[in-house]
Amino acid sequence: MSGGPLVDARPTVSPLPVEPLFQEPVPAPLVPDDWLDQLAAGLTHTGWMSLDVRERLGDELIAALRQEVTTLHLTEAMKAAGIGRGADHMRDRSVRRDRIAWLQGLTVPQATLFDFLEDIRNGLNARLFLGLRRFEAHYATYEPGDFYRKHIDSFAGRASRVVSLVLYLNEDWAAEDGGMLQVFNRDNHDEIVGRVLPEAGRMALFMSEETPHEVMIAQRTRYSLACWFRQDEVPIPL
Ligand SMILES: O=C(O)CCC(=O)C(=O)O
Ligand SMILES: [Fe+2]
């Protein structure tokens, strides 16, 4: 072959100022029957609960998930969140201001977390006969000033999102940092029944179709992971 010298035309990319994604194995969380009984009882009795899963998930897994979301945030991989799906999808900054990235379960921490979520899915099905067929999960970041106004994750009768789970990832979150999850009574949507501090290892679990909730204005960057257990095999709009 003739011609001039081969030139590598790829642009020079300077390395990102972040740690590489965590790929070491992390210990798998244990999901015992009595713990699943507690989740099922909370969902049945009041429709929602907040619990501490720091020890169950382990500091390594929580730190690895936090590292992923902070990296995604720095690399601008998080996209402005919308409301609704498909043709109904809207971006309304007066309703929600967070940014999200869907998890694919392909990194070690995500695969470990997906096993945990799958155990919860099966455990809830065995106890509550909810017919949960799959789950979806995204990371979310709220910058200072961001919020998510009072809403419900799924409309009754759609059988799409049935159970919502949120896992918080920030270390040392103080009340002054705002960003609380505020949960309302399923029978009286004006009555606040709980507030959850978005601190690493804290988890909120609630029935998607009947639990109004709101993310108060964050004063600090807030990192979380939200998951929905769904009855549909193929996505249908929320
Ligand atoms: O992050 C939270 O506390 C709740 C987020 C939420 O309500 C949602 O993404 O639908
Ligand atoms: Fe929500």
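**A guided reading of the predicted model**

Helix α1 lies across strands β1, β6 and β9, and runs at about 50 degrees to β9. Helices (H or I, at least four residues) and strands (E, at least two) are DSSP runs, numbered from the N terminus. Two residues are in contact if their C-beta atoms, placed from the backbone, lie within 7 Å. Axes are lines fitted to C-alpha atoms, for helices over the stretch in contact, and angles run from 0 to 180 degrees between N-to-C directions.

The model is predicted: local features need pLDDT of at least 70, side-chain atom pairs count only at pLDDT 80 or more, and totals for chains, interfaces and linings use all residues. Residues are numbered from 1 along each chain as its sequence is written, while chains are lettered from A and ligands numbered from 1 in the order in which they are written.

The secondary structure of the protein comes to four helices and eleven strands. Of its 238 residues, 32% count as buried. A residue is buried if 20 or more other C-beta atoms lie within 10 Å of its own, exposed if 12 or fewer, and partly exposed in between, with C-beta atoms placed from the backbone.

The strands may be taken sheet by sheet. In general, strands of a sheet pair through backbone hydrogen bonds, either parallel or antiparallel. Two strands pair here if DSSP finds at least two bridges between them. Seven strands form an open sheet with antiparallel pairing, in the order β1-β9-β6-β11-β4-β3-β2. Its edge strands are β1 (48–52) and β2 (79–80), each of which pairs on one side only.

Strand β11 can be followed through its partners. Nine bridges join β11 to strand β4 (residues 134–142), and the two run antiparallel; A137 stands opposite C227 in β11. Strand β6 (residues 161–168) also pairs with β11 in the antiparallel sense, over seven bridges, and L167 stands opposite L225 in β11. Eight of the nine residues of β11 are buried, so this strand is largely enclosed by the rest of the structure. Strand β6 is in turn joined by five bridges to β9 (residues 202–207), again antiparallel, with L165 opposite L205 in β9.

Within β4 lies E136. This residue is partly exposed, because 14 other C-beta atoms lie within 10 Å. Leaving aside residues up to four places away in sequence, E136 touches W228 and R230. The C-alpha atoms of E136 and L117 are separated by 9.7 Å, and the two residues are 19 apart along the chain.

Helix α4 (residues 108–128) has 21 residues and reaches 30 Å from its first C-alpha to its last, close to the 30 Å expected at 1.5 Å a residue. The expected span is 1.5 Å times one less than the number of residues.

Just after α4 comes F129, with a positive phi of about 50 degrees. Most residues other than glycine have a negative phi. F129 is found in the loop between α4 and β4, and is exposed because 8 other C-beta atoms lie within 10 Å. D172 has a phi near 50 degrees, also a positive value in a residue other than glycine. Its place is in the loop between β6 and β7, and D172 is exposed, with 8 other C-beta atoms within 10 Å.

A further open sheet has four strands in the order β5-β10-β7-β8, with antiparallel pairing. The edge strands are β5 (148–151) and β8 (192–196), each pairing on one side only. Three bridges join β7 (residues 181–184) to β10, and the bridge partner of L181 in β10 is V215.

Both L181 and V215 belong to the residues around ligand 1, which are A140, Y148, D153, V166, L181, H213, V215, S224 and A226. A residue counts as near a molecule if its C-beta atom, placed from the backbone, lies within 6 Å of it. The elements that give two or more residues to this shell are β10 (213–215) and β11 (222–230). The shell divides into six nonpolar residues, two polar and one charged. Ala, Val, Leu, Ile, Met, Phe, Trp, Tyr, Cys and Pro count as nonpolar, Asp, Glu, Lys and Arg as charged, and the others, Gly among them, as polar.
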